[in-house]
Amino acid sequence: MTGVARWLDGIEEQAAGVLPPEIHAYFRRGAGQGLSVAEAAPAWDGFRLRPHILRDVSRCDTSTTVLGTAVDTPVLIAPSTLQRRAHPDGEAATALGAAGAGSLLAVTSNTAVPFSALEPSGAPWWVQVYVARDRSLTEETLRRAVAAGARAVVLTADTPVIGSHGRPGAHVADFVGPEDLYGNVTGTPDREAAEHAPDLTPDVIGRLRDLTGLPVVVKGVLRGDDARAFVDAGAAGLIVSNHGGRQLDGLIPTAWALPEVVDAVAGTGTEVYVDGGLRRGTHIFAALALGARAVFVGRPALWALSLAGAAGVTRLLGELTAELVETMRLTGVPELPAIGRDLLHLPAGVSCSVGSPHGR
C-alpha cells in the first residue's frame with residue numbers, strides 16, 4: 001500500500017502549511033528532548049512478521065466490537081483538543097469522518113464543540129475526561145455527554161499535573177481562550193477550578209461509572225500492576241498510552257508496554273487498546289497480535305482534519321485499514337481473531353507469552 005505511506009509520510013508537512021504556527025507546534029510537541037515522541041513509531045517498526053502461507057485470504061474481515069459497539073475497523077480516533085483550530089467544525093467533522101469509515105472516536109472534554117453537535121454524524125463516540133479540581137465541572141460535562149449519546153467514559157489518568165517541560169505553551173490555556181475549551185459547561189470556569197485534580201486514586205473509576213452508568217476506560221496505562229488494580233476497581237477497558245510523549249520524556253514506548261498490560265488482565269474480559277506512533281498497517285497488525293482489541297490514532301487524525309475535514313479523516317482511516325487488510329492477506333489471516341502473537345518476532349527487550357489470550 002505505497003499510496004498510504006506516501007500520503008501519511010507527507011501529511012504533517014502539508015498540515016503545517018494550513019495550520020496557525022502555534023497550533024501546529026502545540027499538536028506536534030513532545031516533552032523534554034522529544035525522546036518518547038521520536039521512539040514511538042520506530043518501536044512498532046521493530047517487530048517482524050512470521051506469516052502463514054497457503055491460506056484462503058480471498059476475503060479479509062476487519063470488523064470487530066469495542067465495548068459492545070460494532071465497528072468496521074479496529075482503527076479508532078483518539079481524543080485531542082483544539083480541533084476547531086484545525087477545522088471550523090472541529091469534532092463534528094471528525095465524527096462525520098469516523099462515521100464514513102465505520103469507526104469510533106473519543107472526544108475530549110476540553111472541546112469548544114457541544115456534544116449535541118456530534119449526534120447528526122451517527123458515529124459512536126466515547127467522552128474523554130480529566131477530573132477537575134472542581135468536581136462539579138466534570139459532573140456537568142459528563143451529564144451533557146450522556147445526554148448526547150456517549151457510550152463510554154475515557155478517564156485520562158496520567159496527568160495529575162500538566163508537564164511544563166520548561167517551555168511556554170505547555171498548558172493549552174496559555175495561548176487559547178475559554179471559547180476554545182469549554183463548550184460543555186456553563187459559563188467560563190475559573191482556571192484553578194478547571195485544573196486537573198492531583199489527588200485521584202483508583203476509586204474514581206467506580207464513581208465515574210456510577211455517575212454516568214457507562215463503562216469506564218482508563219487511559220495512560222503503562223504497567224501491568226496498575227492495569228490489574230484498575231480492573232479490580234471496575235475499569236471495563238484500558239488504553240496503553242504515554243500521552244503521545246507529551247507529559248514526561250523518556251517513558252517506555254507503548255509498543256513495549258502493551259504485552260505486559262494485556263497479560264496482566266488476561267482472563268478478566270477487560271478490553272485493552274493502545275495509541276502512540278501507529279502509522280502503518282503493519283503497526284496496527286502488531287498491536288492486534290500483542291492483544292490489543294483496537295488502536296487509537298491521534299496526531300495523524302489532526303493533520304487529516306486540517307487538510308480535508310471529514311473527508312480527510314475518512315481517507316486516513318480507510319487507507320490505514322486497507323493497509324491492515326494487505327498485511328492480513330500476506331500473513332495468511334482472514335479475520336482479526338486469527339491475528340496472534342505467533343505471527344510476530346519480537347524485538348530485543350520485549351518479551352511476552354506466545355499463548356497469551358487476546359480478549360477478542
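A residue is called buried when its relative accessible area is under 20%, exposed when it is over 50%, and partly exposed in between. Because its relative accessibility is 21%, Glu195 counts as partly exposed, and Arg191, at 40% relative accessibility, likewise counts as partly exposed. The side chains of these two residues, Arg191 and Glu195, meet in a salt bridge with an N to O distance of 3.7 Å. The structure described here is a predicted model, and every value in this report is computed from it.

## Salt bridges between distant parts of the chain

Side chains of opposite charge can pair when their charged atoms come close. The structure holds 14 salt bridges, among them two that involve strand β10, taken in turn below.

One of them joins Lys219 to Asp275, whose closest N and O atoms are 3.9 Å apart. This pair links distant parts of the chain, with Lys219 in strand β8 (residues 216–221) and Asp275 in strand β10 (residues 271–275), 56 residues apart. Both Lys219 and Asp275 are buried. Another joins Glu271 to Arg293, with 3.8 Å between the closest N and O atoms. Here too the pair links distant parts of the chain, since Glu271 belongs to strand β10 and Arg293 to the loop between α11 and β11, 22 residues apart. Glu271 has a relative accessible area of 10% and is therefore buried, and Arg293, at 11% relative accessibility, also counts as buried.

## Helix α11 and the residue that follows

Helix α11 covers residues 281–289, and because eight of its nine residues are buried, the helix is largely enclosed by the rest of the structure. The buried residues of α11 are Gly281, His283, Ile284, Phe285, Ala286, Ala287, Leu288 and Ala289. Just after α11, Gly291 takes a positive phi of about 115°.

## Strand β5 and its neighbour

In a regular strand the side chains alternate between the two faces of the sheet. Strand β5 (residues 105–108) has Leu105 and Val107 pointing one way and Ala106 and Thr108 pointing the other, and all of these residues are buried. Strands β5 and β6 run parallel and are joined by four bridges, with Leu105 standing opposite Trp125 in β6.

Leu105 can also be placed relative to Pro20, from which it is 85 residues away in sequence and 24 Å away in space, C-alpha to C-alpha. Pro20 lies in the loop between α1 (2–16) and α2 (21–28), and at 28% relative accessibility it counts as partly exposed.

## Aromatic pairs

The rings of the structure form six aromatic pairs. One of these is the edge-to-face pair of Phe27 and Trp303, with 6.2 Å from centre to centre and 65° between the planes. The pair links distant parts of the chain, Phe27 lying in helix α2 and Trp303 in helix α12, 276 residues apart. Phe27 counts as buried at 3% relative accessibility, and Trp303 counts as buried at 4%. Elsewhere, ring pairs link Trp126, Tyr273 and Phe296 into a cluster.

The model contains three cavities of 30 Å³ or more, and the largest cavity has a volume of about 940 Å³. Its lining is made up of 50 residues, of which Thr81, Thr108, Asn110, Tyr130 and His243 lie nearest the centre of the cavity. The elements that give two or more residues to this lining are α2, β6 (125–129), α6 (135–148), α7 (191–194), β11 (294–297) and α12 (299–331). By residue class, the lining of the largest cavity divides into 21 nonpolar, 21 polar and eight charged residues. Thr108, one of the residues nearest the centre of the largest cavity, is a residue of strand β5.

The largest pocket has a volume of about 530 Å³ and is lined by 27 residues, of which Leu8, Glu12, Ala41, Arg279 and Trp303 lie nearest its centre. The elements that give two or more residues to the lining of this pocket are α1, α3 (35–45) and α12. The lining residues of the largest pocket divide into 11 nonpolar, seven polar and nine charged. Trp303 is thus named both among the residues nearest the centre of the largest pocket and in the edge-to-face pair with Phe27.

Conventions:
Residues numbered from 1 in each chain as written. Predicted model: local features only at pLDDT ≥ 70, side-chain atom pairs only at ≥ 80, totals over all residues. Heavy atoms only, no water. Buried < 20%, exposed > 50% of the residue type's maximum accessible area, 1.4 Å probe, protein only. 1 Å grid on protein atoms, 1.4 Å probe; cavity = no way out; pocket = protein on both sides within 12 Å on 5 of 7 lines; lining within 4 Å. Points joined across faces, edges and corners; volume = space filled by probe spheres on them. Nonpolar A, V, L, I, M, F, W, Y, C, P; charged D, E, K, R; others polar. Pairing = 2+ DSSP bridges. Salt bridge = Lys/Arg side-chain N within 4 Å of Asp/Glu carboxyl O. Phe/Tyr/Trp six-rings, centres within 6.5 Å; stacked < 30°, edge-to-face > 60°.
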